[in-house]
Amino acid sequence: MAKNYAVRAGQRISVRHPFLYHGESFHGKGHLWDLSESGWRATGDRPVTQGSVMPVYIELPPDGEESKYLFIESAIVRWSSGCDAGWEIQTIDAASRSRLIRFLDQVRDKLP
């Protein structure tokens, strides 16, 4: 069976940050392995199914007076294998998107 692949919209950066996700009947937590402006790969304590859409909170170092959590209104699970999954951002407000981009730029600036 052939798999369909899409070109990733942004470079993924290796990170190790906690995240929280909220399905219809559960709350999960896990860790990101890589992150980009359009999504991430993570392992969670609750398995998710491909096509699931839910709100997500990614724990980032606080940026000034902002919360340590970056809120993503909705993210869709593009693939899953047990507790590992690839997520794509669907809805994020402008302030959160700006904060995500600033964070990724800071991480990129520290790379060798």
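**How much space lies in the largest cavity?**

The largest cavity holds about 40 Å³ of space. A cavity here is a set of points on a 1 Å grid over the protein atoms alone where a 1.4 Å probe fits but cannot get out, and the volume is the space filled by probe spheres set on the points. The structure has 1 cavity of 30 Å³ or more.

Lining residues have an atom within 4 Å of a point; among them are Phe19, Tyr21, Cys83 and Trp87. Strand E2 (18-22), strand E4 (39-44) and E7 each give two or more residues to this lining, with the largest share, 3 residues, coming from E4.

**About the model**

This is a predicted model, where local features need pLDDT of at least 70 and side-chain atom pairs count only at pLDDT 80 or more, while totals for chains, interfaces and linings use all residues. Residues are numbered from 1 along each chain as its sequence is written, and side-chain values use heavy atoms, leaving out hydrogens and water.

**Meet helix H1**

Helix H1 covers residues 94-110. Helices are DSSP runs of H or I with at least four residues, and strands are E runs of at least two. At the start of H1, a side-chain oxygen of Asp93 comes to within 3.2 Å of the backbone nitrogen of Ala95.

Conventions. The expected span of a helix is 1.5 Å times one less than its number of residues. A polar contact is a pair of N or O atoms within 3.5 Å; within protein, one must be able to donate a hydrogen and the other to accept it, and residues adjacent in sequence count only if both atoms are side-chain atoms. On a 1 Å grid over the protein atoms alone, a cavity is a set of points where a 1.4 Å probe fits but cannot get out, and a pocket is an open set with protein on both sides within 12 Å along at least five of seven lines; lining residues have an atom within 4 Å of a point.
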